Amino acid sequence: MLTHCKYSGILSGMSYVQYTKIPLPERLGIAEGSHINIINNASFEFEDSLPVGARIHHNSKMRSDIALAFVISEADVISLFMHAQEIVYSVGCIWIASFTDNRLIDWAKLKQQARLYGLADEGFTYITSFATATKFRIKKQRDRAERDLTNVYGRLNFLETKWQEQSRG
């Protein structure tokens, strides 16, 4: 898993509030009592504006409600995908930040790969004028079970229709 970032501190050049007028914790969905895990030593300037009881951990081994990471390559993103179940609770999310004009990351391809790791893409937000973050949440087991069950029923209906057609003919 990522443990350090060459660009740690890069997001502290301009605070999110200056860029959008909306505090970053609010934009990231950080609520009262949230546990936030900042991965790879990325620095986000919002510790002074956290909701009551919200706590920040850096590269913590414990699970959190929200994980934040800054990446510079697709390998960094895949590493986060692989460890998502260990990083956040099943109802949590991972915000993956990157330079806005980073051409080393094919986000369209990575969003599709996220599904293989049980993650769902939930859009992106601007952090500063030069960095964005994409939100991934862990799909609930029920979501996957319902989808699999729907696929099974669809297959059974198809086979039943096929059998009926053969019986008639």
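Okay, let's start with a pair of residues: R137 and E122 form a salt bridge, and the closest N and O atoms are 2.5 Å apart. Before I go on, keep in mind that this is a predicted model.

So where do these two sit? As for the surface, R137 counts as partly exposed, at 24% relative accessibility.

Now, E122 has another partner. Which residues end up in one network with it? Salt bridges that share partners join E122 with K135 and R137. The K135 bridge to E122 has its closest N and O atoms 3.4 Å apart. If you want to find it on the screen, K135 lies in strand 6, residues 131–138, and E122 lies in strand 5, residues 119–128, so this pair ties together parts that are 13 residues apart in sequence. K135 is partly exposed, with a relative accessible area of 22%, and E122 is partly exposed too, with 38%.

K109 pairs with E74, and their closest N and O atoms are 3.0 Å apart. K109 belongs to helix 5, residues 107–116, while E74 belongs to helix 3, residues 74–82, so the bridge ties together parts 35 residues apart in sequence. K109 is partly exposed, and its relative accessible area is 38%.

Helix 3 and helix 5 pack at an angle of about 15 degrees, and their axes are 11 Å apart. Are they roughly parallel or roughly perpendicular? An angle under 35 degrees counts as roughly parallel, so that's what we call helix 3 and helix 5. Their crossing is right-handed.

And which residues meet there? On the helix 3 side you have E74, V77, I78 and F81, and on the helix 5 side W107, K109, L110, Q113 and A114. Sort the residues of this contact by type and you get six nonpolar, one polar and two charged.

Methods
Residues are numbered from 1 along each chain as its sequence is written. This is a predicted model: local features need pLDDT of at least 70, side-chain atom pairs count only at pLDDT 80 or more; totals for chains, interfaces and linings use all residues. Side-chain values use heavy atoms; hydrogens and water are left out. A salt bridge is a side-chain nitrogen of Lys or Arg within 4 Å of a carboxyl oxygen of Asp or Glu. Helices (H or I, at least four residues) and strands (E, at least two) are DSSP runs, numbered from the N terminus. Buried means under 20% relative accessible area, exposed over 50%, partly exposed in between (1.4 Å probe, protein chains only). Axes are lines fitted to C-alpha atoms, for helices over the stretch in contact, and angles run from 0 to 180 degrees between N-to-C directions. Angles under 35 degrees count as roughly parallel, over 145 as roughly antiparallel, 65 to 115 as roughly perpendicular and the rest as oblique. A crossing is left-handed if the near helix is turned anticlockwise from the far one by less than a right angle, and right-handed if clockwise. Contact means heavy atoms within 4.5 Å. Ala, Val, Leu, Ile, Met, Phe, Trp, Tyr, Cys and Pro count as nonpolar, Asp, Glu, Lys and Arg as charged, and the others, Gly among them, as polar.
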